Amino acid sequence: MRAFNAELSKLFSLPGIWLAFLIGAFAPAVIAALDSIAQKEEIIAGLSTRLSEVGYIGLGLGVQGVIILGVLAVSSEYLAESSESGGGQQITTSLTVVSSRIHFLLAKAGAVTVISILLSVVAIMTTVSATHLVLGEYTPAFEWPKLLGAVCYWAFTALLAFGITVLTKHGMIPLAVLIINTSFVSFSFLLSKVTKLALYLPDRAGFEMFMFLSNRFLTPFKGGLVMFAWVVVLFIAAAIVFHRRDVAS
Amino acid sequence: MITIHNLVKRRGTQEILSGISFKARPGRVTGFLGPNGAGKSSTLRILLGLDRATSGNALIDGKPFAELHNPLTTVGAALDGSGAHRMRTGREHLRWMAHAAGLSRSRVEEVLDIVGLTNAAGKRVAKYSLGMGRRLGMAAALLGDPKILVLDEPVNGLDPEGIRWIRTFLRERAASGNTVLLSSHLMGELAETVDDVVIIHHGKIVADGSLEEVIGNHSTLEEAFFALTSGLAGDVV
Amino acid sequence: MSFPSSKKITRILGAELDKLVTLPSIWITLTGTFILNLLLAASFTSVGLQGTAGTQSILSIGLASMRYLQAGFIILGILATCSEYNGGQIRTTLTTIPWRGIQLSTKHFALAIIIIPAAFIIAASGVLYTFTMMKDTAVVIEIDTMIKTLLGATGYLTCTTLLSAAIGALFRRTTPALVVLLGYYFVVSPLTRDFPTIRKYFPDTAGSYMYMPPSPNEINVLTPMQGTGISMLWTLIFITVAIVLFRKRDA
């Protein structure tokens with residue numbers, strides 16, 4: 001529990017965390033608003049085929065904030081100080097104050113999960129308000145199961161970012177890969193046109209939890225399960241590597 | 001010769017340097033002392049053109065650093081750390097510097113030999129120990145065989161052999177007419193190496209003169225230092 | 001400040017090239033981007049082969065990976081400038097080459113020297129792959145159209161790299177530079193699809209006209225020359241801002 005609190009306070013005192021919070025809270029709303037503006041006439045006329053995606057598209061594409069959160073939580077541990085201070089990294093301090101490495105990893109993952117859930121709740125509130133603002137009375141109702149799916153999607157994505165960064169230590173690759181993959185120009189969507197297997201990729205499967213896409217492949221529950229499976233596998237891999245690695249390398 | 005004249009540096013509302021002036025003369029080793037946060041690094045950074053002074057100037061042979069024709073052959077600087085990218089090897093680091101200053105590759109090998117890094121030169125800087133990083137910084141400073149050396153804590157992290165080597169090396173350089181300005185915290189070591197002493201405290205110079213003048217009536221440099229930097233000058237510690 | 005002679009500038013250029021060539025992450029990123037491009041070309045080609053024969057444009061499919069490729073080049077640009085701030089190297093650079101304006105512009109020039117052939121090879125390899133797989137089923141294209149388009153693609157990737165390098169020099173840390181650039185190119189830019197009139201003056205859209213033939217139902221398009229001009233203008237603006245701030249700021 002103490003380790004968990006320590007990790008929470010570490011996260012909150014990171015300089016980059018405010019960027020993550022800002023993007024996480026407002027990007028979904030902005031994306032949803034712009035998308036709703038584009039769809040406005042169709043919705044009013046009742047011709048929209050994407051009605052069930054209204055608002056949720058913001059939550060799906062605005063997940064960049066929690067990606068930054070998950071990556072920074074780990075990459076900040078490995079940022080080497082200037083060699084005048086002996087080239088020290090925060091990871092050495094962190095590992096001397098916890099009883100075991102797994103303990104440390106779980107506490108950090110827990111802190112990341114909690115904060116991403118909170119952030120996703122804030123994002124939902126801003127997105128719903130923004131959609132209401134744009135569409136007024138034509139706003140479709142936001143159902144609880146789908147919103148829960150969105151929250152899960154955010155938490156799982158943050159944990160994926162977290163796991164990958166534990167493996168790479170440096171934040172650049174996971175940031176680049178995940179930001180691109182969850183943007184409008186996603187690898188997973190491209191691959192899904194090439195092979196059906198790509199539909200089991202974590203972000204594509206996770207989308208099923210709250211976005212009703214034209215070619216629905218998995219039920220929401222199964223989609224969530226697939227994504228969760230990815231998170232677990234990645235976490236186990238990260239834990240094994242982390243446990244065995246020399247800190248100085 | 002290094003001339004610092006009425007240097008003032010303000011950052012926001014804080015005044016880091018309040019009009020400091022001193023000289024570092026050729027043929028002498030000048031020691032630059034002060035507590036943490038006194039303004040030593042700021043002064044050296046302004047001298048080397050890294051930071052901008054609010055007013056006053058810091059001149060090298062009468063010219064500011066940016067106006068030197070070939071800086072590396074005039075002033076050699078070793079500031080904190082190795083000053084090298086962690087993923088490059090020591091040799092690659094020195095080679096690009098030599099290329100920029102128009103020096104030959106053989107000079108790189110000479111300098112590596114002087115500081116004793118020839119064996120480690122092919123390894124990445126990230127794998128260097130603290131002392132090896134300082135040696136690399138020293139090698140970079142010596143690359144152009146400059147008349148003036150500016151060193152920030154050169155002894156930091158060196159083993160006893162390295163400490164003795166630096167002391168002898170700097171004395172030899174000063175003896176052959178070069179200027180050496182070095183800052184340090186190690187009083188005992190410094191007292192063995194320097195000719196002149198400049199003490200800075202809270203952005204002001206509190207002592208400036210030869211080693212004997214600054215020590216004055218105190219028994220060691222350390223005593224004089226604490227006397228001058230705790231409270232008002234003249235207080236008995 | 002006395003302006004350095006041309007011999008000095010050549011030396012500085014040589015030093016900056018040395019620096020780039022000895023930075024392992026540059027080569028890793030280039031290799032990764034090359035492999036990524038081949039994989040993407042393979043994906044797009046297989047999707048294209050599923051479509052009706054005789055209607056595919058080899059160039060459109062071969063260069064469809066450009067939207068992803070630019071990420072690799074953005075990373076390259078950021079790495080080139082942000083690496084100066086690793087290990088305190090910026091202090092070494094400035095005490096060796098104190099003429100800041102010259103140093104930063106020469107760095108961009110050295111980066112361009114490395115990127116131009118790399119971008120050409122990467123873009124050409126993708127198109128070549130598509131060509132070999134689809135030459136029987138696709139519309140016939142002429143060699144000089146292919147060359148012109150490839151040159152446009154190379155130019156676009158180079159401008160993107162230089163622009164990213166300038167942003168890297170402005171932010172000095174890789175994470176904010178990466179978030180801002182990737183956020184713009186991959187999230188903000190597609191979002192502004194609904195505002196076509198001003199959008200065509202943005203760096204990436206103007207740049208896309210450098211290599212993509214305009215589709216017949218698009219009005220308000222730019223010619224490749226106009227696209228090139230606007231892209232280069234954006235790049236020069238950012239580089240200038242980076243140089244001005246670099247000269248004023250503390251190191």
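Reader: Which strands does α1(B) lie across, going by β1, β2 and so on?
Author: α1(B) lies across β1, β2 and β4 of chain B, and runs at about 115° to β1(B). Axes here are lines fitted to C-alpha atoms, for helices over the stretch in contact, and angles run from 0 to 180 degrees between N-to-C directions. Two residues are in contact if their C-beta atoms, placed from the backbone, lie within 7 Å. This is a predicted model, where local features need pLDDT of at least 70, side-chain atom pairs count only at pLDDT 80 or more, and totals for chains, interfaces and linings use all residues. Residues are numbered from 1 along each chain as its sequence is written, while chains are lettered from A and ligands numbered from 1 in the order in which they are written.

Reader: What order do the strands β2, β1 and β4 of chain B take in their sheet?
Author: The order is β2-β1-β4, in an open sheet of three strands with antiparallel pairing. Helices (H or I, at least four residues) and strands (E, at least two) are DSSP runs, numbered from the N terminus. Two strands pair if DSSP finds at least two bridges between them.

Reader: Which ones are the edge strands?
Author: β2 (14–24) and β4 (55–60) of chain B, each of which pairs on one side only. Between β1 (residues 2–11) of chain B and β4(B) there are five bridges, and B:Ile2 has B:Ile60 as its bridge partner in β4(B). On average, neighbouring strands of this sheet are turned by 20° against each other, direction ignored.

Reader: Then the six-stranded sheet. What is its order?
Author: β5-β6-β7-β3-β8-β9 in chain B, an open sheet with mixed pairing. β5 (75–78) and β9 (204–210) of chain B are at the edges with a single partner strand each, so one side of each has no neighbour in the sheet.

Reader: Is β3(B) enclosed or open?
Author: Largely enclosed by the rest of the structure, because five of its five residues are buried. Buried is 20 or more other C-beta atoms within 10 Å of a residue's own, exposed is 12 or fewer, and partly exposed is in between, with C-beta atoms placed from the backbone. B:Val29, B:Gly31 and B:Leu33 point one way from β3(B), and B:Thr30 and B:Phe32 the other way.

Reader: What does B:Val29 stand opposite?
Author: B:Val180 in β7(B). The strands β3(B) and β7(B) run parallel, with four bridges. Four bridges also join β3 (residues 29–33) of chain B to β8 (residues 196–201) of chain B, again parallel. In β8(B), B:Val197 is opposite B:Gly31, and B:Ile199 is the bridge partner of B:Leu33.

Reader: Changing topic: how many residues of α7(A) are buried?
Author: 18 of its 25, so the helix is mostly covered.

Reader: And how many residues do chains B and C give to their contact?
Author: Chain B gives 31 and chain C gives 27. On the chain B side, α3(B) has the largest share, seven residues.
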